[in-house]
Amino acid sequence: MSKHRAALDALSGLTFAKGHGTGNDFVLIADPDGTVALEAEKVAALADRHHGIGGDGVIRAVPSKHLAEGQALLAEHPDAEWFMDYRNADGSVSEMCGNGVRVFVHFLVSEQLVPLEPGQTLAIGTRAGVKHVTRLDHGYAIDMGPWSYIDPELAQEAASDSVVEAAGLQDPRPALSISMGNPHTVVPVQSFEDLAELDLTRAPHVEPAPEGGTNVEFVAAFEPMIRDGVGRVKMRVHERGVGETRSCGTGACAAATAMRAWAGTEGCDSWLVEVPGGLLAVDFLAHADGTEHVVLAGPAELVFRGTLG
Ligand SMILES: N[C@@H](CCC[C@H](N)C(=O)O)C(=O)O
């Protein structure tokens, strides 16, 4: 009997969909009545690639009114009716998932839980606050809200706040930690060859690491980095609570933010981030309140549906 049998048996009869955004894949569950309890063992069982369905994370679509975090958001944003309850593959909770948001909204639309035509925008609840998601002709764009340095004092002059060691990385490298609602540590490497040589089967070591752990993005620039006003980088990522993934949306936002700061290219507001699973677009928009919002755009696909049993 597999180690996850009991956890999967407890979910017998539950319907699910499997979806991905640039290869970052998720098990999606619709829970309109707020009755599905997702304990860590159940999430780990669903996400297990050999003994379960398999995925980098599990997403429960639940009306905001059924969660304490959701109710708190509804007071100010009554339109954020649906909440993305996101869990990493190991069962841990994360505040945010950029690829997950696109796949989550695509799931809501496909399940006919919300109507959303191309060009229309939907407010959704997340643990990192309300996000506005616009349906595009092909994919979705999310206003991720403002980015910030995790340690503004250490990151002074946008240089570095930590040092990262990883298997396959020749020397420890300086890195910069950025919050996109969830934590990221961005490590610049010299070339695409350096990127390819990394062994991310083991977690990189970040010193000092942000409290609660971090997602680590390794980034190399195309040559030239900026072409026709667009910044271009390649990225690999080791995600907190998961391992190496084919893509990370919030990681792409953090990577573009750090590269833009290091290169002193604040004028360059459009970036393309190539990840092993595809391409993500990251744009920076100045807001009247003085903050800078990050907009992430990319595809979302559902690939199959099933019933646990
Ligand atoms: N893949 C996601 C990020 C998922 C959460 C992350 N592992 C964390 O623990 O913060 C994305 O697309 O942003």
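Guide: N215 touches N182, P183, H184, V237, E239, R240, C248 and G251, leaving out residues up to four places away in sequence. Keep in mind that this is a predicted model.

Visitor: Where does N215 sit?

Guide: In strand β13, which covers residues 215-227.

Visitor: Buried or exposed, and why?

Guide: N215 is buried, because it has 25 C-beta neighbours inside 10 Å and the cut-off for buried is 20 or more.

Visitor: R240 was in that contact list. Which residues does R240 touch?

Guide: N88, G213, T214 and N215, again without residues up to four places away in sequence. R240 is in the loop between β14 (230-239) and β15 (243-245).

Visitor: Is that loop residue R240 buried or exposed?

Guide: R240 counts as buried, because 22 C-beta neighbours lie inside 10 Å.

Visitor: New topic, the ligand. Which residues come nearest?

Guide: S94, N99, N182, G249 and T250, out of 19 residues around the ligand. Two elements give two or more residues to that shell: α4 (98-110) and α6 (249-262).

Visitor: How does the shell divide into nonpolar, polar and charged?

Guide: Three nonpolar, 14 polar and two charged.

Visitor: Why does the ligand lie between the domains?

Guide: Because domain 1 (5-146 + 300-307) and domain 2 (148-291) both give residues to the shell.

Visitor: What does UniProt list for "binding site"?

Guide: The unreviewed entry lists N24, N88, G98, N99, N182, N215, E239, R240, G249 and T250. So the record includes N215 and R240, and both count as buried in this model.

Definitions and conventions
Residues numbered from 1 in each chain as written. Predicted model: local features only at pLDDT ≥ 70, side-chain atom pairs only at ≥ 80, totals over all residues. Near = placed C-beta within 6 Å. Helix = DSSP H or I, 4+ residues; strand = E, 2+ residues; numbered from the N terminus. Nonpolar A, V, L, I, M, F, W, Y, C, P; charged D, E, K, R; others polar. Domains from an automatic or database assignment. UniProt positions renumbered as here; feature names shortened; annotations may be inferred. Buried ≥ 20, exposed ≤ 12 C-beta atoms within 10 Å, placed from the backbone. Contact = placed C-beta atoms within 7 Å.
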